[in-house]
Protein chains: 2
Amino acid sequence: MRPTREQAKENRQRILDTAARLFRENGIHAVGVDAVMKGAGLTHGGFYGHFKSKGDLTTEAVSHAMDAALQSVADVKSMEDFAAAYLSREHRDIAGNGCTIATLGPELARFPEGQRGTVSDYVSAQIAQIEALQAAKDGTTDRRKAIADLSSLLGALIMARTVDDPQLSDEILTETRLYFATDANKPTNS
Amino acid sequence: MRPTREQAKENRQRILDTAARLFRENGIHAVGVDAVMKGAGLTHGGFYGHFKSKGDLTTEAVSHAMDAALQSVADVKSMEDFAAAYLSREHRDIAGNGCTIATLGPELARFPEGQRGTVSDYVSAQIAQIEALQAAKDGTTDRRKAIADLSSLLGALIMARTVDDPQLSDEILTETRLYFATDANKPTNS
DNA sequence: ATTATCTATAGATCTATAGATAATGC
DNA sequence: ATTATCTATAGATCTATAGATAATGC
């Protein structure tokens, strides 16, 4: 019944994967250690062999989720593509695999500094990527605009998810995406 | 010991005020009925005379919070002023009295439709207000830009709160605000 | 022998209810 | 008599720990 050292490592990874998904789907507070272990196919008592506490798991799982999210947008070629992917209905409706700030931002903001995982690096990396897309387009970068654009993507996704009215939700996604499409045809103001 | 009918009504309002603040400060899941009643100066058993359940309180308190937030920005005169207030350090650091979407958006998004209070009306009202500010400036409105601008404000505030690095947090607030200031001097693209 | 996992449970906390209390309002 | 509030508690749920189990790995 005892797994090999390698299987134990895989189990730990599966706990992280499961937590990263369940936390984003339901919120950190709403997901117990029990649910995470059940989702990973283990019993909840075994959890404390892998992690010191739920807080420790949270920090690691959040960083784990952000790493995966960064990789999934690494090959985006333009700001319009970035916006189309980020503001897709699929991203809105499947939160468990999406942007960590959009699902857990406000909850993470209440955690003490140092327990929020690599969130600052994550945001910095997203800003840098938008700057890289700017440079690829016309050779110049505008960090201020990169920050405002990233803010717009994040805010639109959260609003589209929070709003009760499906029509308004679709409008927020579509119009913000179109804003980036028309914006792309304007000269940069730098 | 029993209060007058009028005092009971005041008690109910104080429960709503307290819940609206505590929910925004700590998240809905993290605040028990006990804490709300204690904050309102009552014992927690008395809660169920005022509300049927915590879910009922949540719907009402969220709407209550959004009503108050709308009133507090009703007299804003320009988009720059709106951005300056919304992206102020004060708003970032005092969540209990601020924008409900920025503190509770992702948590509300997990509630079933119909239990999120007046969130759609709240977002619609914010969009309409930005359109009114556009009209007051040059007589035209651009709903698409209003949506993108509102998204940008919301996203920037959430990022500034979530990020671990105080310098990056300040930069996000300042640069997004400056983006609106410079943006205001450009011709509208409609 | 070591150790990853499981079973069982302690101790907190949270929502909700039941019955008692005591002052208001017909 | 009605009713807003309080006291006490039931029933769930959640984090964490203790001790048992059984297969791996020196």
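How many salt bridges are there between chain A and chain B? The count is four in this predicted model.

**View 1. Salt bridge between A:E171 and B:R143.** A:E171 forms a salt bridge with B:R143, and the closest N and O atoms of this pair lie 2.6 Å apart. Between chain A and chain B, the count of salt bridges is four. Polar contacts link 26 residue pairs between the two chains, both residues of each pair being at pLDDT 80 or more.

**View 2. Elements of chain A that touch chain B.** Two or more residues each are given to this side of chain A by helix 1 (5–26), helix 7 (100–109), helix 8 (119–138), helix 9 and helix 10 (166–183). Helix 9 of chain A gives the most, with 15 residues. Sorted by class, the side of chain A that touches chain B holds 24 nonpolar, 16 polar and 14 charged residues.

**View 3. Surroundings of A:S151.** A:S151 is placed in helix 9 (residues 143–162) of chain A. The relative accessible area of A:S151 is 0%, so this residue is classed as buried, the cut-off being under 20%. Leaving aside residues up to four places away in sequence, A:S151 touches B:S151, B:S152, B:G155, B:A156, B:M159 and B:T176.

**View 4. The interface between chain A and chain B.** In total, 54 residues of chain A are in contact with 54 residues of chain B. The size of an interface is often expressed as the accessible area lost when the parts come together. Between chain A and chain B, the buried area is about 4,500 Å², of which 59% comes from carbon and sulfur atoms.

Methods:
Residues are numbered from 1 along each chain as its sequence is written. Chains are lettered from A and ligands numbered from 1 in the order in which they are written. This is a predicted model: local features need pLDDT of at least 70, side-chain atom pairs count only at pLDDT 80 or more; totals for chains, interfaces and linings use all residues. Side-chain values use heavy atoms; hydrogens and water are left out. Helices (H or I, at least four residues) and strands (E, at least two) are DSSP runs, numbered from the N terminus. Buried means under 20% relative accessible area, exposed over 50%, partly exposed in between (1.4 Å probe, protein chains only). Contact means heavy atoms within 4.5 Å. Buried area is the accessible area (1.4 Å probe) that two parts lose on being put together, summed over both. A salt bridge is a side-chain nitrogen of Lys or Arg within 4 Å of a carboxyl oxygen of Asp or Glu. A polar contact is a pair of N or O atoms within 3.5 Å; within protein, one must be able to donate a hydrogen and the other to accept it, and residues adjacent in sequence count only if both atoms are side-chain atoms. Ala, Val, Leu, Ile, Met, Phe, Trp, Tyr, Cys and Pro count as nonpolar, Asp, Glu, Lys and Arg as charged, and the others, Gly among them, as polar.
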